[in-house]
Each structure stands twice: as structure tokens, then as C-alpha cells.
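Let's walk through a protein structure together, one question at a time. Have a look first, and then we'll start.

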Amino acid sequence: MTSTASFAATNTVIPSDPKLRIRSFTGLKSSHSLALSKSLRALPIPYSSRAASTSLVRAVSTLFVCFLCVVGTDVKVTVTFCQMPVKPETEPKRSKVEIIKEQSNFIRYPLNEELLTDASNINESATQIIKFHGSYQQYNRDERGAKSYSFMLRTKNPCGKVSNQLYLTMDDLADQFGIGTLRLTTRQTFQLHGVLKKDLKTVMSSIIRSMGSTLGACGDLNRNVLAPPAPLVRKDYLFAQETAENIASLLTPQSGFYYDMWVDGEQIMTAEPPEVVRARNDNSHGTNFPDSPEPIYGTQFLPRKFKIAVTVPTDNSVDILTNDIGVVVVSDEKGEPQGFNIFVGGGMGRTHRLETTFPRLGEPLGYVPKEDILYAVKAIVVTQREHGRRDDRKYSRMKYLISSWGIEKFRSVVEQYYGKKFEPFCELPEWEFKSYLGWHEQGDGALFCGLHVDSGRIAGKMKKTLREIIEKYNLNVRITANQNIILCDIRKAWKRPITTALAQAGLLLPKYVDPLNITAMACPALPLCPLAITEAERGIPDLLKRVRAVFEKVGLKYSESVVIRVTGCPNGCARPYMAELGLVGDGPNSYQIWLGGTPNQMSLARSFMNKVKVQELEKVFEPLFYYWKHKRQTKDESFGDFTNRMGFEKLQELVEKWEGPVRASPRHNLKLFADKETYEAMDDLAKLQNKSAHQLAIEVIRNFVAAQQNGKGE
């Protein structure tokens, strides 16, 4: 048998036997198809190898045709090559951060080199890389002249759980290396401000050796996983918290860069549940990068930050709809957890004057049995990894992918990575916000005590007293998503001495805290946040006092409240777009006002007014609260529901025409006074305090009665 090959079209031999059929070459599948993406992931091609991959694609663009001619025992093979026109490939546009991640050797370079320099700061690339390690570079914007650089560290505490050892370590580090304060965040973590570059390794290693972590608290990967913080011994709560911890473990980076950097490669980790390891390693549906140090994230990690929360029905202590993934435990009639409802596509961040960016609520994706939750979450994360935008970081969150595709297409793609169809969403009861403040039974014979902390800032006498109590009674703690703290596992015999010590430090039971403060939140903003446009944390104490004064002026009761949230920029760290009254910094000393959120945090607010100067806020607040007081349909109609029912056009008209509250006729006020002269004297005093005679008289009587009850009357 002999064979020959010819590469000229004129030498082509066409077989005459009709039984001989040459299978035609159909080329590669589309790069957008799932099948191709799976096959390519079997051998991941880094961006630096794009030239090689391009050559491969171009090679298969050459069409070749083979023909066989059989004559007796001889077989003649003729191959014809025809160069097909190839459309020039262009490099996909990528953001600068994508290139930095690609060149970082799995989140090491150039941070590893920058930490060794004598400079007080690190370069631009290293500032992006250190975020994955849980830190941001900052400087004090109140100071003029040369920038005084420092670093903010953020811990990662799934469910907000903080061990006794870790709390005491964080308290020590704040005094030794920070600015003497601890800050509780809206994602159930600590923030430690003011750490100098030369102290970073000492602080990081101390946190790690106290069984804490900052890994993934910032950066383009899964952030801290939220769950209800209450230490209730109930099957659904315990299962929600266990699930949150397992999801956090599943999506923790695996390449070791964190431990290489801060503890010289020493692995200080607890054992992972076997179901987490199985889910991470499973590649039956093409989710993983085989043989990669990062099987889920690869070299490029995710397009942007990714946020997940887990909760139980009715409990919206975690702002469930603001997350990329919201997971809700579904139990049977006996209270046994059976599976999970999954919401997707929430997110708060936006950009001023760019209407294509927006806050968004999560929407139902479907239901999965409890044994599948890790695989379903992984499939959602991989869908975002593969299809989320990497060219423009303003649009890289998963909410924009879902908004572009629609939920049906998104569900279809996720199901291919999941390997199953999602089951129908289970019906859920009404949601409510739960603060967990005050004293509560845990269900195991012990108590827990939730403490309100204004803007989450633990400082001064409060910080000293908390440390003494936590250390003396060996307490574990939980951080809430509303910037508060919970002391856990308290014996009933300890309740009285702990209550007394807390009160002396200004940590009061909720009935002694202004209701406006209970639900208010603010981000840190100035002076350290580089993104802040105006004040938030430093401005909210005065702001709440001014709102309370407006309440009194228009006749609203002390017990009435609205959810107020303030941020210094539009990124939404304090979730202002869920507030009944949201203030978003849009210029020096000015805010954009958002209205329409609801007390249970299940409705999205809308932009109402722009560029309202801080000194002119009462001009907006007074008419809004006055008409809420007098025009609400029922006493239970919340401020958010009222603003939505009235409509923004009508509300803006009321604000524009506002001339002040309608004063009651004097004859109604005379009932409080023995004679007209007394009334007129009281009225003159009241005007000095911008009050009515009736309001001032009531205050005097109320104070007198209170003094009598306390045995202080003369």
C-alpha cells in the first residue's frame, strides 16, 4: 500500500465510490457556548498567553479537504488546503484592575515588594492588591500638606461571630496600632483605622493567630457572608448560620497568598466540613479551573465585589434584598429545614449623574434542596465570573448582568453550571426588621444582650467598659448588620451587674435610646475615606437632633420614628437606598435626598431632591414630616409608605409652597392656663424656643411629673 499527498488543487482526486463519505469539518463551537467554555477551562489560558490562543483559533480557520482514491491495493490521499479569510481578532477591553490581577501571581505582586520599602505608602497596583487581603490605603483628608498615609483593616466574620479571644485582640490592636477606636460595620465586621504600613504585618499576624481573618473582606471576591446575629438556639437560626459559614468557606481563596504575605506561609486554619470540600472540588458541570491554585476564582477572580446573606423567614436583620445572593431557609411544619429560596441581583452602589448605574433589589431565582445549596451558590458565582463585565467597573456587579439579560436567561445559564433546574420559589411570610437590642433568652438557659452603638464607633469609656465586661465574664460577641453589638452566653446571675456597668458607660437599654438613633446608620466618610464627598458619621449626631426638633415642631410623638441612613458618597455602604429618608453626599456640605424605603427594608427608595445644602435640610424635612403627621391614612402608615402613596410630584409641590406649620388657634391653648396673662407669658417664652405655648407647657408639666416620680420634687 502506498500513499501520496498533494497540496495543489489541480491534483485533487474526487472519489467515484458513493459509499465513501468524508465528514465535513464544522469548526469550533462559539466561544459564547457553555460547552466551549468548559473545554477551555480544562486548560486555563492566562491573558498573557492570548497570542498563543489566537494562533490556535487562526489555525483552525484554515479549511482542509481530504479525498481518498482506492485503486486495487493502492490508496491515494489528496489533501487540499484553502486559506479562509480570517477576521482580525481584537483584544477584549479590560479595566486596569484586571491587568493588575493578571500580573499579580495570585494576589501577591507587587504588594510583597512594596511592603519592604521605607515609604509610608504603597503604589497604585499594590493598593488594588491589598484590598484582597482586607485592607485599604487611606490618608487624613482634614490635614493639609504632605499626606499622612495609614491603612484601614477590615475583618471577615461570617454571621458576625467574634470569639472572646478575637475581640480582646482587636481591642488591644486598636490602642496599640490604630486610632484607639473599633468600628462595627454594616456587614457584621470590624474596621480598624489608622494602622501604619510598618505595623501591617504585626497587626495582620495577630488577627490571624487569634483565629480571625481579613482575607476577602475587600476586593473582587466574595465578601463577608451575613446571617442573623442572634444566638438563638433554634433549628432554623442555627442552620442559617451554619450555611453562611459554609458558603464563606466555599468561596475563600485557596492559593495561600494571604498566609504567605502575613505569617510567612504558615497555614493557620480550622478544618473545613467535608461537604464544603466536595462542593469546591466538584467540576462535573465545568465550573472549575482544574490544576489551578484557585479552582473557583482562577487568576482573575470576580469582576467586582460579591455579597451574600443568609436568613430565616420574617427576619430581615440583614437587608436580604441588597445582596448579590440572598438565601432564605425554608422549613417544614415541624421546623425542620428542608431547603432554600434564593434571591439574586441586589446591590447598592451607583454613580451620580449616570442614570445607567443604579441601586437594585434582588429578585427570586428559585428553590433548592438543602443538600444542593453550595452547588447552587457556586453556579451563580461562576456565571458572574464568566459573564460579568470586566471592561468598566461601574457596570461589573452582577446586578447589571441580570438587568441586561433578564432573570429567565440568567436562570438558564446558572442551571447549566448547577446541573439541575431550580424548583419554584416557596411562599414566604411578611418580613420585619429585627434589631435584637436589649435582653433576650437564647433558648439554652443563657441570655444575650444587644447594645446600640451610634454609627458602630466603639470608643472612650464605652470601649473600656465593654472590654472589662467581655474579659471578666469570658463572653463571645456578635456584630449586627446595623452596626450594633450583641453580648452572648450571659448567665442570668450576671444580668444585674452587667446592666449597671453598661449604663454607667452610656450603653443604654433600647427604651432609653432615641428611636431615631435605633435604626439610623452612617458610613465613616470623612476624614479617612478617599471616596467621601461630604460628612456622614461625623454629621449624623447633629442631623438626628435636628430631625427630632422638627418632629417636635410639627407635633410628632417621641415614640415615632423613621429609618434614616447617611453616606458621604453614592457607593451606598450604609445602604441609604433602602431608607425611608436617605441622605447621599453629592457635593461639599450637600446631599441628595432619597425617599420611599420602608421600615422592614423590602422597598427601594427613589431620588427626591438633589444638592440640598446641609444648613437647609429643615426646609425639606418640615413639610414632609408635617404632612405625614396630618395626611397619613392611619396612625400606622410609615413615612416611607406615605411618601410612596402621595407621589414625589405632590411632595415636591408641598415642599416648594411650605410656609411653616399651621399654628393652632390661641383659644385651644387657653385650656391649659388659668388666665390669659399666664398664657401670653408662656407664649412669649415659647417663641424664644421656636415652640408654641402649648408645647412648652406640656414639656414643663411632663418634667414636673417626672421629677415627682423620681422623688426629686421640692
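Q: How many helices and strands does the secondary structure of the protein come to?
A: Keep in mind that this is a predicted model. Counting both kinds of element along the protein gives 23 helices and 21 strands.

Q: What percentage of the residues of the protein count as buried?
A: A residue is called buried when its relative accessible area is under 20%. The protein has 714 residues, and the share that counts as buried is 52%.

Q: Among contacts between residues at least 6 apart in sequence, what percentage join residues at least 24 apart?
A: Here we look at contacts in the protein between residues at least 6 apart in sequence. Of these, the share joining residues at least 24 apart is 67%.

Q: How far apart are the end C-alpha atoms of helix 18, and what span should its residues give?
A: Helix 18 covers residues 618-631, which is 14 residues. At 1.5 Å a residue, they should span 20 Å. The end C-alpha atoms agree with that, being apart by 19 Å.

Q: Which helices are among the elements that cover the buried residues of helix 18?
A: The buried residues of helix 18 include V620, F621, L624 and W628. Their cover includes strand 19, strand 20 and strand 21. The helices included in that cover are helix 17, helix 19 and helix 20.

Q: Is helix 19 roughly parallel or roughly perpendicular to helix 20?
A: Helix 19 (residues 639-646) and helix 20 (residues 648-656) pack with their axes 6 Å apart, at an angle of about 100°. Angles of 65 to 115 degrees count as roughly perpendicular. Therefore helix 19 is, relative to helix 20, roughly perpendicular.

Q: How many residues of the contact of helix 19 with helix 20 are nonpolar?
A: On one side, helix 19 brings F642, T643 and M646, which meet F648, K650, L651 and L654 of helix 20. This contact has 1 polar residue and 1 charged residue, while the number of nonpolar ones is 5.

Q: Is C159 buried or exposed?
A: C159 is not a glycine, yet its phi is positive, about 70°. You can find C159 in the loop between strand 4 and strand 5. Its relative accessible area is 0%, so C159 is buried.

Key:
Residues numbered from 1 in each chain as written. Predicted model: local features only at pLDDT ≥ 70, side-chain atom pairs only at ≥ 80, totals over all residues. Heavy atoms only, no water. Axes fitted to C-alpha atoms, helices over the stretch in contact; angles between N-to-C directions. Helix = DSSP H or I, 4+ residues; strand = E, 2+ residues; numbered from the N terminus. Parallel < 35°, antiparallel > 145°, perpendicular 65-115°, else oblique. Contact = heavy atoms within 4.5 Å. Nonpolar A, V, L, I, M, F, W, Y, C, P; charged D, E, K, R; others polar. Expected span 1.5 Å × (residues − 1). Buried < 20%, exposed > 50% of the residue type's maximum accessible area, 1.4 Å probe, protein only.
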